[in-house]
Amino acid sequence: MDPKATLIFIIAAFVLGVAILMNRNNIPASLRRPLALSAIVFILFAFFLIVYSLTTMGS
């Protein structure tokens with residue numbers, strides 16, 4: 001796995017989550033739930049990538 005691409009995805013996932021939290025009042029009501037669910041999925045996958053990279057660091 002390319003570590004640069006992984007790092008970019010992790011940063012982008014967390015930035016998306018922060019952007020949704022900061023602008024939740026400006027997001028239309030019909031888009032809030034799908035955006036929040038997609039951000040949660042991306043952030044969970046980013047955490048998985050962090051843990052996976054830490055466990056495979058020595059090999």
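Contact here means heavy atoms within 4.5 Å. By that rule, Thr6 touches Met1 and Leu49, not counting residues up to four places away in sequence. The model is predicted: local features need pLDDT of at least 70, side-chain atom pairs count only at pLDDT 80 or more, and totals for chains, interfaces and linings use all residues. Residues are numbered from 1 along each chain as its sequence is written, and side-chain values use heavy atoms, with hydrogens and water left out.

**Helix α2 and its partner**

- Helices are DSSP runs (H or I, at least four residues), numbered from the N terminus.
- Helix α2 has 27 residues. From first C-alpha to last it reaches 40 Å, close to the 39 Å expected at 1.5 Å a residue. The expected span is 1.5 Å times one less than the number of residues.
- Ala39, Ala46 and Leu49 are buried in α2. Buried means under 20% relative accessible area, exposed over 50%, and partly exposed in between (1.4 Å probe, protein chains only).
- The buried residues of α2 pack against α1.

**Buried residues and their contacts**

- Leu49 sits in helix α2. Its relative accessible area is 6%, so Leu49 is buried.
- Beyond its neighbours within four places in sequence, Leu49 is in contact with Met1, Thr6, Phe9 and Ile10.
- Leu49 and Asn25 are 24 residues apart in sequence. Their C-alpha atoms are 30 Å apart in space.
- Thr6 belongs to helix α1. Thr6 counts as buried, at 12% relative accessibility.
- Gly17 is in helix α1 too. Gly17 counts as buried, at 11% relative accessibility.
- With neighbours within four places in sequence left aside, Gly17 is in contact with Ala39 and Ile43.
- Gly17 and Leu37 are 20 residues apart in sequence, and 10 Å apart C-alpha to C-alpha.

**Aromatic rings**

- The structure holds five aromatic pairs. Rings of Phe, Tyr and Trp (its six-membered ring) pair if their centres lie within 6.5 Å; planes under 30 degrees apart count as stacked, over 60 as edge-to-face and the rest as tilted.
- Phe9 and Phe45 are an edge-to-face pair, because their ring centres are 5.6 Å apart and their planes stand at 75°.
- This pair links distant parts of the chain, 36 residues apart: Phe9 is in helix α1 (residues 3-22) and Phe45 in helix α2 (residues 29-55).
- Phe9 is partly exposed, with a relative accessible area of 25%. Phe45 is also partly exposed, at 40% relative accessibility.
- Phe45 and Phe48 are stacked, because their centres are 6.0 Å apart and their planes are at 25°.
- Phe45 and Phe48 both lie in helix α2, three residues apart, about one turn of the helix.
- Phe9, Phe42, Phe45, Phe48 and Tyr52 form one aromatic cluster.

**Largest pocket**

- The largest pocket holds about 170 Å³ of space. On a 1 Å grid over the protein atoms alone, a pocket is an open set of points where a 1.4 Å probe fits, with protein on both sides within 12 Å along at least five of seven lines; lining residues have an atom within 4 Å of a point. Grid points are joined across faces, edges and corners, and a volume is the space filled by probe spheres set on the points.
- Its lining is made up of Met1, Pro3, Thr6, Leu7, Ile10, Leu49, Ile50, Tyr52, Ser53 and Thr56.
- α1 and α2 are the elements that give two or more residues to this lining.
- The lining has seven nonpolar residues, three polar and no charged. Ala, Val, Leu, Ile, Met, Phe, Trp, Tyr, Cys and Pro count as nonpolar, Asp, Glu, Lys and Arg as charged, and the others, Gly among them, as polar.
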